[in-house]
Amino acid sequence: MRQQIGKSQLALLIILFLIGSTPLFEFGIKAKQDSWIAMAIAAATGLLLTTIYLFIQRRAPEAGLGELLKIHFGKPIGAALGCVFALWFAYECMRNVRDVGELTSAALLQFTPQWAIMLCILLVAAYTASKGVEVFVRVVQMLFPIAAGSYLIIVFLLFFSGLEKLDQILPIMENGPMPVLKAAFPDLISFPFGQLFVMFVFWSLVNEKKSITKITIWSQGGVSLFLIFMNMLILCVLGPALAGATSLPLLQAVQMIRLANFLERLDVIVTLLLFIGLYVKITALYLASVFVFHSSTGIETRNLLLPIGVVVYAMSFLEPNHTFHIWLGLDVTLKIMPIYQVAIPLIMVVIGVRKRYKKLPASG
């Protein structure tokens, strides 16, 4: 039986997937105090990119990513591309698993073995994936109020503590627009906004197809405003120098909260947000890899869960240290992402237009 998800579940999945662990960091910090402007530019471009994805999806609303690739490129090439995409999703899943291990062992649980942390988060994600998409989106529904409440508490306490200083984001564009544009393109487009590409796997499962475009655009727009706000807040609390020097800027900001000499050390809230965000991302990418492999090869999904999990966990040990992990992510992975996030969708748009053009004379 084909699993289905509701439009409200799709909205929450998009919100938590896009948020992930993004607010914990200060992306675009290369633009210094203008990083929030880089985030805003990337968010606007990301919305444009999402409309392209939705345009492709509307051609075959019942088709997942594997089927869409076959429709546009033909069965042999489409199946091969599907396997490539499935491997890429597994790789991105691995990067998030490694993020959990690196960040948790470095900043939160220093005496816990990294392999154990990564194994725990991957086992939870694999168990959820084994229960199917419907169970996953129900879990997302349960986690959303916890994540939303935690962020509200952090924002309230940061403002109540009087830690924010608006002059930290001034002067605006001191060095002109180029540093802002360099920070936005391609890095902030690739992560987090371009990662909405994975929704190709889930859009076909929504039971109200006519609502997909509206729900997706509104959800992404809301997340974009939230990420811009959190980016500005961290800048106002830490300043560009400190925000760029720490691995978890939000954790650093939260550790500065001191209220009435008793409310402090709120690291547990940041820990909770880290695990919720990365759990949702890991599970979504895990499921995407399984589903695209299934549609490309015909292998049953239940037979793919264990091999993909083993591959993801094994790959998480290939990076020798945290420095290499960061270098591979920022200097290599983010530069490759536009190939599948932008280039291939644009090719699909062109191919689709040509196919429609060829059919016009026959229908006339």
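A residue counts as buried here when its relative accessible area is under 20%, and as exposed when that area is over 50%. In this predicted model, E102 is buried and R98 is buried as well, and their side chains meet in a salt bridge with an N to O distance of 2.8 Å. Because E102 and R98 stand four residues apart in helix α4 (residues 75-108), about one helical turn separates them.

| Salt bridge | N to O distance |
|---|---|
| E102 and R98 | 2.8 Å |
| K30 and D187 | 3.6 Å |
| E300 and R302 | 3.9 Å |

The bridge between K30 and D187 links distant parts of the chain, since K30 lies in the loop between α1 (7-19) and α2 while D187 belongs to helix α7 (residues 178-190), 157 residues apart. K30 has a relative accessibility of 61% and therefore counts as exposed, whereas D187, with a relative accessible area of 12%, is buried.

In the pair formed by E300 and R302, E300 is partly exposed, with a relative accessible area of 36%, and R302 is exposed, with a relative accessible area of 62%. Elsewhere, salt bridges that share partners join R95, R98, E102 and E319 into one network.

A60 lies in the loop between α2 (35-59) and α3 (65-73), and its relative accessibility of 16% is why A60 counts as buried. Leaving aside residues up to four places away in sequence, A60 touches L68 and I71. A60 and M230, by contrast, are 170 residues apart in sequence and 37 Å apart in space, C-alpha to C-alpha.

Technical notes
Residues numbered from 1 in each chain as written. Predicted model: local features only at pLDDT ≥ 70, side-chain atom pairs only at ≥ 80, totals over all residues. Heavy atoms only, no water. Helix = DSSP H or I, 4+ residues; strand = E, 2+ residues; numbered from the N terminus. Buried < 20%, exposed > 50% of the residue type's maximum accessible area, 1.4 Å probe, protein only. Contact = heavy atoms within 4.5 Å. Salt bridge = Lys/Arg side-chain N within 4 Å of Asp/Glu carboxyl O.
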